[in-house]
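Please read the following walk through one protein chain with its sequence and its 3D view side by side.

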Amino acid sequence: MIEFENVSKSFWTGTQRKVILDRACFRVETDDSLGILAQNGTGKTTVMNMMCGLEKPDEGVIRRRGRISFPLGFMGGVVARQTATENARFVARLYGLDPDYVEAFCRWLTDIGEYFDRPVGLYSSGMKQRFTFSLLLALEFDMYLIDEGMPGNTDVEFNRKAGTILGERLKKSGLVIVSHDPTLLRRFCRRAAVLRDGQLYVFDSLEEARLHYDYDA
């Protein structure tokens, strides 16, 4: 479970104060899935980082219960000079899992061949996305956090495998996706919210969000 109670967050840009959230209130249970729609530059990543504890709010309370994932795309736990093999095994130990299993799972899902045994710092952006997504799916959580959805610069087979696994995980876990693109939200989310000018408007369905806000603009 993740709950925001009167949460506010803002940054000083050097010329003005940019408000990310202004007294936002919402709750996502582990049997729920929420998609947050927002244009680029509105603070999507900041909101996601607050959900998992990487950033603190200026005001308000954030409550978490259960195992909350790191955001998809977060590279803070991946060491660029180490190989995917070394990173996968290290992360497995951090979470108390079998390193052999996590390595084998990530190797199978990423399907990048010999590059899996080369430093992650040498990877293309698409390969890095595939590896971080494989780590996310190798570790079972009560709530998954996805910033901007599935990796874009990758192949159809990876998206098929990863999407199938994510669908299985969501049968017993919650999900929050923050994105400017509603395509993935239609597939995985039951509810939707719109982030605009520091306000978070929560709706019971993606269609209600579409009805009230032109988020495709």
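In the protein chain, residues 24 or more positions apart account for 67% of the contacts with a separation of 6 or more, a contact meaning heavy atoms within 4.5 Å. The model is a predicted one, in which local features need pLDDT of at least 70 and side-chain atom pairs count only at pLDDT 80 or more, while totals for chains, interfaces and linings use all residues. Residues are numbered from 1 along each chain as its sequence is written, and side-chain values use heavy atoms, with hydrogens and water left out.

The protein chain has 7 helices and 8 strands, which are DSSP runs numbered from the N terminus (helices: H or I, at least four residues; strands: E, at least two). Along its principal axes, the C-alpha trace of the chain spans about 45 × 35 × 35 Å, and of its 217 residues 50% count as buried, that is, under 20% relative accessible area with a 1.4 Å probe, counting protein chains only.

Among the buried residues of H4 are Met-127, Arg-130, Phe-131 and Phe-133. The buried residues of H4 pack against helix H2 (84-94), helix H3 (99-110) and helix H5 (156-169), as well as against strand S5 (143-147).
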